[in-house]
Amino acid sequence: PKYERLLLTGAAGMLGQVLRPAMRTWATHLRVSDIEPLGPAVGNEECVTCDLADEGAVRVLMDGVDGVVHMGGISVDKPWRTIVGPNIEGVYNLYESARIQGTKRIVFASSNHAIGFRKRTERIDADDPVRPDSLYGVSKVFGEAMSRFYFDRYGIESVCLRIGSSLPEPKDRRMLVTYLSFDDLITLVQRSLFAEKADHTIVFGASANRDSWWDNSKAANLGWTPKDNTEPFRAKKEAEPPVDSTKPEHIHQGGVYVTFGPYE
Ligand code: NAI
Ligand code: 15L
């Protein structure tokens with residue numbers, strides 16, 4: 001597909017700021033959106049402040065949009081009442097607007113926390129059953145289900161990115177496995193938008209790290225090959241004090257998320 005108008009949600013967030021300059025070159029118009037300030041429009045950008053939980057506002061936000069990179073929402077575990085607006089209502093508002101609008105493809109920022117209660121001894125692919133590790137993880141499973149339904153029922157293509165840990169550098173030993181470099185994130189999003197055929201694809205977003213819990217063979221249609229890896233960070237991380245490997249947060253792929261809550 002070629003895009004006339006791409007939308008980037010969550011453009012004020014960490015990954016939105018990484019993707020925004022690259023995305024300017026991928027479409028005639030780039031609409032960037034967040035609930036937080038976006039700064040001035042650059043080049044071919046249009047800036048739209050919008051609460052994803054506001055159905056009418058999302059309808060307007062999606063006007064004329066043929067492709068979406070959906071990074072917006074609550075990005076860590078929180079009480080349910082905080083998550084439900086952006087991550088549940090917001091995802092419905094986005095997909096329903098896409099249907100009305102005729103949007104062709106959506107790249108949805110899912111998360112490894114959709115499967116975070118998997119043990120680190122397991123190696124899984126996109127067809128293995130989900131095991132959310134938190135209410136946040138449950139909200140990402142919801143987004144994956146919404147995108148699956150809108151493909152099966154209406155033919156709107158989606159690529160769900162089960163992002164590992166995308167940040168400037170790995171913060172702990174777990175992230176030696178889950179780290180996704182910003183450069184690899186950009187190529188993953190690019191392939192997700194431009195691969196000939198997306199249908200409904202789930203892809204694990206990690207760089208070419210030495211160790212992996214995730215098999216991306218079911219996402220071969222994307223033609224994505226990560227280039228970076230965590231070897232440059234290994235010595236420093238492995239020199240840190242050892243962790244108690246019998247604790248739930250060290251047994252499971254989702255790490256400390258398996259320990260969050262209850263909130264009420
Ligand atoms: P972030 O928290 O920096 O960015 C999320 C953005 O969404 C923020 O700018 C926030 O203002 C916006 N947002 C929150 N509620 C909103 C609402 N009601 N309406 C409109 N915008 C709203 O998070 P980050 O790290 O940039 O992540 C981007 C996406 O990727 C998130 O969906 C996150 O769940 C997902 N992800 C990120 C990972 C990472 O390692 N950075 C790992 C796995 C998933
Ligand atoms: C996520 O989903 C979060 O957005 C991010 O803040 C990290 O905690 C990441 O997962 C991770 O699992 O390391």
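**Close-up 1. Residue classes in the shell around ligand 1 of the predicted model.** The shell around ligand 1 comprises 12 nonpolar, 11 polar and three charged residues. There are 26 residues around the ligand, and those that come nearest are G13, L15, S75, A109 and I163.

**Close-up 2. Secondary-structure elements that supply the shell around ligand 1.** At least two residues of this shell are supplied by each of three elements, namely helix α1 (14-23), helix α3 and strand β5 (105-111). Helix α3 spans residues 80-101 and also packs with helix α4, as the next view shows.

**Close-up 3. Packing of helix α3 with helix α4.** Helix α4 is formed by residues 135-154. The axes of α3 and α4 lie 10 Å apart, at an angle of about 15 degrees; the two helices are therefore roughly parallel to each other. Their crossing is right-handed.

**Close-up 4. Residues in the contact of α3 with α4.** Helix α3 contributes W80, I83, N87, I88, V91, Y92, Y95, A98 and R99. From α4 come L135, Y136, S139, F142, G143, M146, S147, Y150 and Y154. By class, this contact has 13 nonpolar, four polar and one charged residues.

**Close-up 5. The annotated domain, residues 7-164.** An unreviewed UniProt entry annotates residues 7-164 as "domain: NAD-dependent epimerase/dehydratase".

Conventions: Residues are numbered from 1 along each chain as its sequence is written. Chains are lettered from A and ligands numbered from 1 in the order in which they are written. This is a predicted model: local features need pLDDT of at least 70, side-chain atom pairs count only at pLDDT 80 or more; totals for chains, interfaces and linings use all residues. Axes are lines fitted to C-alpha atoms, for helices over the stretch in contact, and angles run from 0 to 180 degrees between N-to-C directions. Helices (H or I, at least four residues) and strands (E, at least two) are DSSP runs, numbered from the N terminus. Angles under 35 degrees count as roughly parallel, over 145 as roughly antiparallel, 65 to 115 as roughly perpendicular and the rest as oblique. A crossing is left-handed if the near helix is turned anticlockwise from the far one by less than a right angle, and right-handed if clockwise. Two residues are in contact if their C-beta atoms, placed from the backbone, lie within 7 Å. Ala, Val, Leu, Ile, Met, Phe, Trp, Tyr, Cys and Pro count as nonpolar, Asp, Glu, Lys and Arg as charged, and the others, Gly among them, as polar. UniProt positions are given in the numbering used here, feature names are shortened, and annotations may be inferred rather than shown by experiment. A residue is near a molecule or strand if its C-beta atom, placed from the backbone, lies within 6 Å of it.
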